[in-house]
Amino acid sequence: MPIVGQSAETTDWVSRFADEVIEESERRAPGKPVVVASGLSPSGPIHLGNLREVMTPHLVADEIRRRGHQVRHLISWDDYDRYRKVPAGVPGVDESWAEHIGKPLTSVPAPKGSAHPNWAEHFKAAMVDALAELGVEFDGISQTAQYTSGVYREQILHAMAHRGDIDAILDQYRTKKAPAAAKKQQKPLDEAEVEAAEGSGAAAEDDGSSGSAGYFPYKPYCGNCEKDLTTVTSYDDATTELSYTCNACGFSETVRLNEFNRGKLVWKVDWPMRWAYEGVVFEPSGVDHSSPGSSFQVGGQIVGIFGGKQPIGPMYAFVGISGMAKMSSSKGGVPTPGDALKIMEPQLLRWLYARRRPNQSFKIAFDQEIQRLYDEWDKLDAKVADGTALPADVAAHARAVGTADRELPRTARVLPYRTLASVADITAGHEDQALRILSELDPDNPLSALDEARPRYDKAEAWINTQVPADQRTIVRDEPDAELLKSLDEASQQSLRLLLDGLASNWSLDGLTHLVYGVPKVQAGFSADATPKELPAEIKTAQRTFFALLYRLLVSRDTGPRLPTLLLAVGQERVRALLGE
């Protein structure tokens with residue numbers, strides 16, 4: 001169903017792009033399915049920044065589908081790209097993988113212990129699993145399969161025939177223009193030079209092969225060592241006979257390009273060729289493509305050589321992780337969508353991408369901030385349910401909880417993430433204890449099985465076990481702190497008595513919340529029900545002091561999980577013992 005009920009002023013960014021894409025698609029290819037696209041390189045772990053490359057067109061495609069239009073979301077797996085460097089921190093990978101630099105990603109061995117046939121398939125598989133959990137439907141296209149089966153043969157021959165036109169376009173943006181004679185004698189980079197160039201971002205957008213025979217937008221992979229450190233030395237347009245030499249191993253051969261399938265167009269030509277071949281109408285790109293001479297800008301001119309048009313689409317901003325800098329897939333340890341889905345439900349992750357315009361950067365929380373995000377999500381969920389949410393928020397929520405075809409599976413009994421995390425922390429894997437505590441949160445509507453709180457409970461438990469440092473975990477004392485109890489003054493002893501006297505009659509989450517906040521009020525001569533407006537500012541100080549005392553007596557720290565949850569987790573009998581009754 002379409003997402004309705006929005007005025008022009010409150011229409012969300014997804015709907016605005018859907019309007020533009022439908023209109024543009026009807027101009028370019030009336031009556032045909034709308035085509036949106038993403039491109040992913042399985043050169044290493046595919047991180048949460050790369051996910052924006054997928055989620056932006058996915059959300060737009062889904063809105064178009066909700067409106068009854070046919071739409072294809074293509075994901076081009078750039079698995080025929082060169083293996084650029086050995087990423088740091090990847091399990092099962094060592095420096096011996098450096099010998100494969102320059103080969104297609106599908107010709108590089110998978111990390112040790114992998115069940116997948118090659119490097120590209122290993123990293124692609126994790127992303128495919130994550131996209132399935134996120135409800136992202138797509139048509140995957142392996143560029144290795146496209147190139148090696150000859151699908152692009154006509155496009156390659158066309159590019160070679162128009163290499164002068166392509167070179168002229170690229171030359172407009174080359175910042176270092178060599179003299180014509182020197183340009184013709186330019187040699188290909190060796191491996192060390194390629195690595196240095198990649199550090200500056202140059203080799204990632206290779207212009208092509210320039211040798212004594214001139215410029216060529218096509219790079220063969222060597223027939224001996226499989227690397228792309230090759231230079232085309234001659235080409236005959238009439239016969240398509242092409243000769244090349246390999247700068248890595250010295251191998252050379254002559255082939256006929258009209259039957260040769262072991263090479264590819266350079267990136268700045270390959271991308272616009274695919275726009276034309278697939279009829280792509282919408283494809284976003286990163287902000288790094290907004291600079292003059294970037295592949296997106298240059299591609300906008302080169303695509304015309306192939307008889308196509310540049311897609312419309314926003315430049316999207318970077319995604320960070322709780323204060324970390326811009327993510328780079330060349331570095332190990334960068335969180336992936338799979339990592340995020342271990343600690344958060346897919347609805348929350350979809351919502352983070354849906355609620356922000358593509359040009360807005362945002363951060364995904366792996367630290368304590370995830371609890372606040374979940375609180376914010378649950379409040380939105382409640383507002384949508386009671387009809388008080390703003391239209392744009394309703395739209396973002398609808399895009400998060402499901403797609404045009406289905407709703408994503410959700411937790412049957414929604415309990416606060418921070419509460420579930422506290423319970424998982426305190427019970428340390430004992431499910432019977434977790435169920436006991438959670439069933440006491442609301443005695444009038446007790447949880448009957450832990451499965452009712454899943455998968456949210458499992459996500460919160462995973463967050464506790466993988467993201468919370470050991471020194472921040474909660475360990476309940478085995479014995480009362482006799483020395484501390486003995487040192488308490490009369491006021492502190494009285495506060496403990498008031499709490500203990502009210503435990504039995506307030507043994508629920510709401511009841512204990514009222515009790516622990518009420519004790520300092522009663523001690524000061526006010527009603528436990530007194531509101532903050534009715535109380536002096538000193539009461540807040542007294543509450544903080546009382547809370548710190550309880551934490552020290554229960555977990556030997558000044559802070560910890562929310563006290564009502566902690567008390568329920570410890571259990572009434574043990575609380576009484578630790579508080580000195």
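Is Asp94 buried, partly exposed or exposed at 31% relative accessibility? Asp94 counts as partly exposed, where buried means under 20% relative accessible area, exposed over 50%, and partly exposed in between (1.4 Å probe, protein chains only). The model is predicted: local features need pLDDT of at least 70 and side-chain atom pairs count only at pLDDT 80 or more, while totals for chains, interfaces and linings use all residues. Residues are numbered from 1 along each chain as its sequence is written, and side-chain values use heavy atoms, with hydrogens and water left out.

Side chains of opposite charge can pair when their charged atoms come close. The structure holds 36 salt bridges, a salt bridge being a side-chain nitrogen of Lys or Arg within 4 Å of a carboxyl oxygen of Asp or Glu. One of these joins Asp94 to Lys112, with an N to O distance of 3.0 Å. Both residues lie in the loop between β2 (71–77) and α3 (119–133), 18 residues apart. Lys112, at 57% relative accessibility, counts as exposed.

Arg454 takes part in a salt bridge with Glu431, in which the closest N and O atoms are 2.7 Å apart. Because Glu431 belongs to helix α16 (residues 431–439) and Arg454 to the loop between α16 and α17 (456–467), this pair ties together parts that are 23 residues apart in sequence. Arg454 also forms a salt bridge with Asp458, the closest N and O atoms here being 2.8 Å apart. Arg454 is buried, with a relative accessible area of 19%, whereas Glu431 is partly exposed at 41% and Asp458 is partly exposed at 29%. Elsewhere, a network of salt bridges links Asp12, Asp19, Glu63, Arg67 and Arg399.

Helices and strands are DSSP runs numbered from the N terminus (helices H or I, at least four residues; strands E, at least two). Two packed helices are described by the angle between their axes and the distance between the axes. The axes of helix α13 (residues 369–386) and helix α15 (residues 417–427) come within 8 Å and cross at roughly 140 degrees. Axes are lines fitted to C-alpha atoms, for helices over the stretch in contact, and angles run from 0 to 180 degrees between N-to-C directions. On α13, the contact (heavy atoms within 4.5 Å) is made by Ile370, Gln371, Arg372, Tyr374 and Asp375, and on α15 by Tyr417, Arg418 and Ala421. By class, this contact comprises 4 nonpolar, 1 polar and 3 charged residues, with Ala, Val, Leu, Ile, Met, Phe, Trp, Tyr, Cys and Pro taken as nonpolar, Asp, Glu, Lys and Arg as charged, and the others, Gly among them, as polar.

Thr565 is placed in helix α22 (residues 563–570) and is buried, with a relative accessible area of 0%. Residues up to four places away in sequence aside, Thr565 touches Thr419, Ser422, Val423 and Leu509.

An open sheet of 3 strands has the order β7-β8-β9 with antiparallel pairing; two strands pair if DSSP finds at least two bridges between them. β7 (230–236) and β9 (252–256) stand at the edges with a single partner strand each, so one side of each lacks a neighbour in the sheet. From one strand to the next, the twist averages 20 degrees. The antiparallel pairing of β7 with strand β8 (residues 241–246) extends over 6 bridges, and Tyr235 has Leu242 in β8 as its bridge partner.
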